[in-house]
Structures are given as structure tokens and as C-alpha cells.
Amino acid sequence: MKRALRRIARYAAGASLALLCLHSEARAHGCSTASAWEGISSNILEQSCFTGCHGGSGNGGMSVSINTEDAWYAALVDRAPVNTAASGVGKLRVDPKRPWNSYVLNKLTGDLKFGEGNPMPNLSTGYVYQCPGGVQKIKAWILAGAPACDAVDGDPSPDPALVVCDLNQPALSPPALPSDGVQLVGMLFTVDRPTRSGKQVTTLPVGTAPTCDNTQQQCFITGIDITASAGTAYVAVSRAGEPAPIAVARGASLSLTLDDVGAGVPIAPNQQLDISQWIRNDYWVGPAPYTNTTTGSVYVNVHLASSVTNQAQPLRDDAGSQALFVPPQSYGATGGVWQPAALAGHARIGIWSDPRALGTELLDANGQTLAEGSTVAQGYTDMTGGPIAYACAYANGWVPNGVASVGSNGSNWMLNDVTGPVDLSSPLKWGC
């Protein structure tokens, strides 16, 4: 993968340069410690899905011969569903590492396309309304590769062998006020099901800080700290009406510092800032039946100075950016070159790639790696002049289905749930 990225980048550079019970029996599959699969099988499948459903009658064409962890694992993992609408497009009951292609999640959430049947449990709107934390546990387990043993990242339960139904949004505490700036507060907004995500733009004046009074004079932004609510996909801060952001946080936090190089972004007297926040609707309010709702909130500490040695400007290389379309169930790669306008200048650049990116890389004019990884989280690399080559290898799962079957409560949104705006980076825009 890395070699492929480097080839792409070098080619471009050359071209232009609620808690359920604890299962206390023998560990699943001989595991030495508690595992996520143990919690799923013992507390969800064996308790709720065998008797009167997949045990005796084999509802939906999936019969489980004996109510054990081994039998459930064999019936689910890497097994094609009997439902032809689902199996016909290549879905599996559980597709390890691919939750968007796992039919069991469609059934548990009620997010089904036409012909894919009814939600589970039968005669319900989906298990997610009874125990959203249990569904999140299953999703995290699948994303980790559906391991028979071990804990998995993203499991909301405090113990892998437990299932916690509550999936409440953590409270956001305001950060401390900056001594050299102002604190701006984004407008609260709420996203409710069936909406999966939402965006809010708050436009605010910078105002008066101990270090500079922007109501009277031009000031310079020497740093931006972003603290946002859980569930935040992106926060972008820009001068009002300008497309190029000064700073972008992928996720709920970012700390951008420019005063370490004596730089600042000028902001005219009384000029305002746009604070744009995207959130995913990840959280639920209980008790059962739970309501799927998430609140967006954000604090932005803006550090100010009345003068700086070097003036900085937000950059956006629209001419050099490359959009990338990757068909469903396939892989692709892209690359290009960004050329700073002033070769003697500096650029503080960072990577914010879509979660479907398998790998990314930034190279300088000599082909040396500046940054690499699926995401350089909240990181900036200081680049001195010259062209910057970039490359990205990309994977796509299933596109969302727009049609929901009778009895379901939405469309297949899994892929949208794990993605967000893909054209944001700061200050460099690029195609991944």
C-alpha cells in the first residue's frame, strides 16, 4: 500500500513537480479473557433471538441448531443471507471489518432497502430502539473483524462481556478562557432521527481581547483551539464569507498554533468569523424505547495579537485538487501536486481524509515523506516552499439505498454514518 502511494505521489511530483447480565460460564471459544463476542452472544443472541425465532422456526431462513456461542458464530460470520435482495448484492450476515455490508445490522436498525424484509426482532421497528448500545457493540465488533476472542475498540460497554444499552451523549464542558484572546460559542443545534447528520454555521464578531481590540483595529489570529461536542465530524473556522478555512478539526478538537513561527492571520476591524460544525447523529436518549438525537455545540478559543512578524493567509488549491470517484465495492487511488504561490513561504499543512481512506502520504519536492497515515489527526507539518505531492488509496463499501421496505424506519445509511465532508483540509485542500 505504501509503495503504491509513493508511486502515485512521485509520478505527480514528476509531472509538475442500561446494563445486561454478565455471562459467567466458560469463555467463548476457549478465550482466556472476556470478549466482545461473549457479550453479544450471551446477552443478546442467546437470550433474545433463539426461542420462538431462529431456534425452533428458523425465521428468515436462518436456523440455529443449538443455543451456543459456537452455533451463533457459525450461522452469522461470513454467511450469505437467504434473503435474495440482500444476498443478490453481495451482503453477508456478518461481513468482518465491513459493517455497512453486514445484513444483521440492517435488520437490527431497521435500515433496510426494498425487499430486505422486516426489522429484528420481528414485529418491531428494530432492536436499536430497545438497546442502542447493544447495536453499537455489534457494529464495533464487526468493524474489528468479528473476532471470536478479545475486546474491541468502540465498544460502549465497560466490560467486554457486558452489554450496556444506554448510549448517551457525553456532556461538553467549556474550556478555560484564553488569556490572549476571546472565546466564541457556536449556536446549539439538535439532529433527530431519521436525520443522520446535520450542520450549523454560527457567524460571530471577534470582539475585544486583552491583547487586541478588534472593534477598533486590525488584529491577527495567532492560534485557534476547538472544543466540540461528542459526535462531531468536522469543525471549520474561517473569516466570514471566505471559502478557505483558517483551521479545520476532524473530530471534536484541534489546537492550531501560529505564534510559534511569529505568524498570524489578519482579521479586519469588526470582521466576523464563521464557525461551521457538522455532527453525526450517534447518540440516544432513554429509557426504551430510545430516541435517536444528538446535540451539536462548540467552543472556539481565538488567540489574538495586535502585530506579528509574518502575515499568514488561508490557502485552498482548488486548481490542483483532484476529486476521486470510487465505485462501490472497489478500490482506487489518486494523487497530485500543490504549488505554493511563494516558493520562499511556509505552509502549515495537515491531512484530514475520509474514514474510507486506507492510506495517505505527503511528499516534498525531493520525494521525502512529510506525513503519512490514514489520518494525521489534528497534526500540521511545516513546509518550506516548493511543490507538495499528495497521494491517497481509497476503499468504498456500499452506497446508501434510498428506498426503505414496509415496516422499516429508514434507508441503509451505514456508509453515510461513517463518512463526512471529504474536501476539507487546512490550509491545503486535496482530493481524498
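1. Let's start with the sheet. Strands β2 and β13 run antiparallel and are joined by 4 bridges, one of the pairings being T190 with T295 in β13. Strands here are DSSP E runs of at least two residues, and helices are H or I runs of at least four, both numbered from the N terminus. Two strands count as paired if DSSP finds at least two bridges between them.

2. A word on provenance: this is a predicted model, so local features need pLDDT of at least 70 and side-chain atom pairs count only at pLDDT 80 or more, while totals for chains, interfaces and linings use all residues. Residues are numbered from 1 along each chain as its sequence is written, and side-chain values use heavy atoms, with hydrogens and water left out.

3. Helix α2 (residues 36–48) is worth a look. How many of its 13 residues are buried? The count is 11, where buried means under 20% relative accessible area, exposed over 50% and partly exposed in between (1.4 Å probe, protein chains only). Among them are W37, I40, I44 and L45.

4. The geometry of α2 checks out: at 1.5 Å a residue its 13 residues should span 18 Å, and the end C-alpha atoms are 17 Å apart, which agrees. The expected span is 1.5 Å times one less than the number of residues. Still, α2 bends by about 25° at S42, the bend being the angle between axes fitted to the seven residues ending there and the seven starting there.

5. In helix α4 (residues 69–76), E69, A71, W72, A75 and L76 are buried. They line one face of the helix, because seen down the axis they fall within an arc of 165°. After α4 comes D78, with a positive phi near 60°.

6. On packing, the largest nonpolar core has 29 residues, and W37, L45, V94, I138, W141 and I142 touch the most other members. A nonpolar core is a set of buried Ala, Val, Leu, Ile, Met, Phe, Trp, Tyr and Cys residues joined through side-chain atoms within 4.5 Å. Helices α2, α4, α6 (103–109) and α7 (132–143) each supply at least two residues of this core. A second, separate core of 28 residues includes I224, I226, V237 and I267.

Definitions and conventions
The arc is that of the directions from the helix axis to the C-beta atoms.
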